[in-house]
Amino acid sequence: GQSATEVILDMMNDPVNLSKKPLIKISHQKLRNLISNNDRDSKYLRVPFKDFFDDNGRYILASDVAIAYEKLPKDRDQYDKDLIKVDERVNISFAVYAGGIFRLFPLPNDSNNTWLTYMQSTQFSGNDSLFVANIIPMYFKGLKEGLDQGNWVTVDTIISYIEKFQRRYGAEIFPSQTKINLEIVYNKLNVFSRLFIYYFSTGLLLLAVVIICLFNNNKWLIFLMKFFKWLIIIGFIIHVGGLALRWYISNHAPWSNGYESMIYIAWATIFSGILFVRRSILTLAATAIVSGLLLMVAHLNWLDPEITNLVPVLKSYWLMIHVSIITASYGFLSLGAILGLIALWLIIFTTSLNKSKLKNVLSEITIINEKSLEIGLFMLAIGTFLGGVWANESWGRYWGWDPKETWALVSVLIYSFVLHMRFIPSLRSKLVFNAVSMFAIWTIIMTYFGVNYYLSGLHSYAAGDPMPIPSFVYYLLALMILTAIIAKLRFKKNY
């Protein structure tokens, strides 16, 4: 029933008592066997911090952790991975209990604007050293007074002293009060995780209404289509507001890391649907579903939503130009993939009774698919060329066959082939075009995820440390293959 802020303050205020409370999660059975006093029937077990140490104060996991870190990431088994996660939780807990987790005090006249914890008070001089060493213990004494007596004057005064110290020596990087308030609002709103459910549900409902309209059109269904369309557009406006808010808070374009680029690609995907909505409302439904899935992926455990400073190489106006263009292209190419999948489903469900109507819808979707891929390819190619210019400014060469550069080129060549297949008579059919546009998205997935997390290079977010592949990826690939096979059989019969 407590907020995260209340829990962490409680841990710092009363470490002896809180270290006895079950706060650290473990799940692996072998880990449970190492830790005493636990309920081994629970799927996810929480144990107290103190249980990780024996009677002599020795860290129980020390030897196993050392062995796990000695292994290459690809050689670690599930136990090693779980062990490293638990070890990280224990270390964070130790930093909190010891009071050294928050760097609240700027070092006076430091050229790097370094901030330190109160436990590093010896690096300050004179009265500043005394202030830093004593103010946090005084704060927790005042906090106890507030909790016991309801008198918060002392603790509020101490906080004001800390803030004055911060503003005096850290004014160069201290955020404005407006930014602080907006970041609190941003964190409470949790815009993008809520949009995942919103986009997915509204997109699914709109898709259902559109499909029903193909067979039974009436004024109520038309009203529902317009209603869900505007709901998605309202979600898009909120999405834009969330991106703008994050941009203002962070002082940089919100597509600088894995999480930010995912929420930006989701935005670009919805934008592509809105762009083509006058030609086909089915397109908007498809992009809403895809954007919902992208936002879901963005909020999985291996992407960090934290607002951080830019790494030095990204402190360039090219971040706004190159990255925005090339990642926005992924939205249009994703639209092409989902439209290709829908087109194949239309082929599958075509019968002698609905053939005339579905044939027109198939032609409409194929045209929009082609236009979407044209826009996506154009942006992808321009973004790749501009990336070469940025590479020359940053690394002194335009092209170095870095994995990211190589796969960007592969993606350009693949989509160029997809859009030029119509010049080959045997590959001119709507079936082939939609099937290939659907499978082509895997080159983008490899360019974005595969390179960033599995191949080591200048563009890698994780420098070769692989992320877990979600199980739905395999299901999606199986669905695509099965759909393509059935569509081919049905296409021969009905077209």
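**Briefing: surface patch, cavity and loop residues**

Ile321 lies in helix 13, which spans residues 318-348; helices (H or I, at least four residues) and strands (E, at least two) are DSSP runs numbered from the N terminus. The model is a predicted one, in which local features need pLDDT of at least 70 and side-chain atom pairs count only at pLDDT 80 or more, while totals for chains, interfaces and linings use all residues. Residues are numbered from 1 along each chain as its sequence is written, and side-chain values use heavy atoms, with hydrogens and water left out.

**Overall form**
- The protein has 18 helices and 4 strands.
- Its C-alpha atoms fill a box of roughly 85 × 55 × 50 Å along the principal axes.
- Of the 495 residues, 44% count as buried (buried is under 20% relative accessible area, exposed is over 50%, and partly exposed is in between, with a 1.4 Å probe and protein chains only).

**Nonpolar surface patch**
- Trp247, Tyr317, Met320 and Ile321 make a nonpolar surface patch of about 380 Å².
- Patch residues have over 30% relative accessible area and no salt bridge, and nonpolar side chains (Val, Leu, Ile, Met, Phe, Trp, Tyr) are joined within 5 Å, like charges within 9 Å.
- A salt bridge here is a side-chain nitrogen of Lys or Arg within 4 Å of a carboxyl oxygen of Asp or Glu.
- Ile321 counts as partly exposed because its relative accessibility is 32%.

- The structure holds 1 cavity of 30 Å³ or more, and the largest cavity has a volume of about 50 Å³.
- A cavity is a set of points on a 1 Å grid over the protein atoms alone where a 1.4 Å probe fits but cannot get out, and lining residues have an atom within 4 Å of a point.
- The volume is the space filled by probe spheres set on the points, which are joined across faces, edges and corners.
- The largest cavity is lined by Met12, Gly99, Phe102, Leu104, Phe105, Thr117, Tyr118 and Ile136.
- This lining divides into 6 nonpolar, 2 polar and no charged residues (Ala, Val, Leu, Ile, Met, Phe, Trp, Tyr, Cys and Pro count as nonpolar, Asp, Glu, Lys and Arg as charged, and the others, Gly among them, as polar).

**Loop between strands 3 and 4**
- Asn109 is placed in the loop between strand 3 (105-106) and strand 4 (115-116), and Asn113 is also in the loop between strand 3 and strand 4.
- Phi is near 55 degrees for Asn109 and near 55 degrees for Asn113, a positive value in a residue other than glycine.
- Most residues other than glycine have a negative phi.
- Asn109 is exposed, with a relative accessible area of 79%, whereas Asn113 counts as partly exposed at 21%.

Note on methods
Areas by Shrake-Rupley, 256 points an atom, 1.4 Å probe, with all protein chains shown as cover. 1 Å grid on protein atoms, 1.4 Å probe; cavity = no way out; pocket = protein on both sides within 12 Å on 5 of 7 lines; lining within 4 Å.
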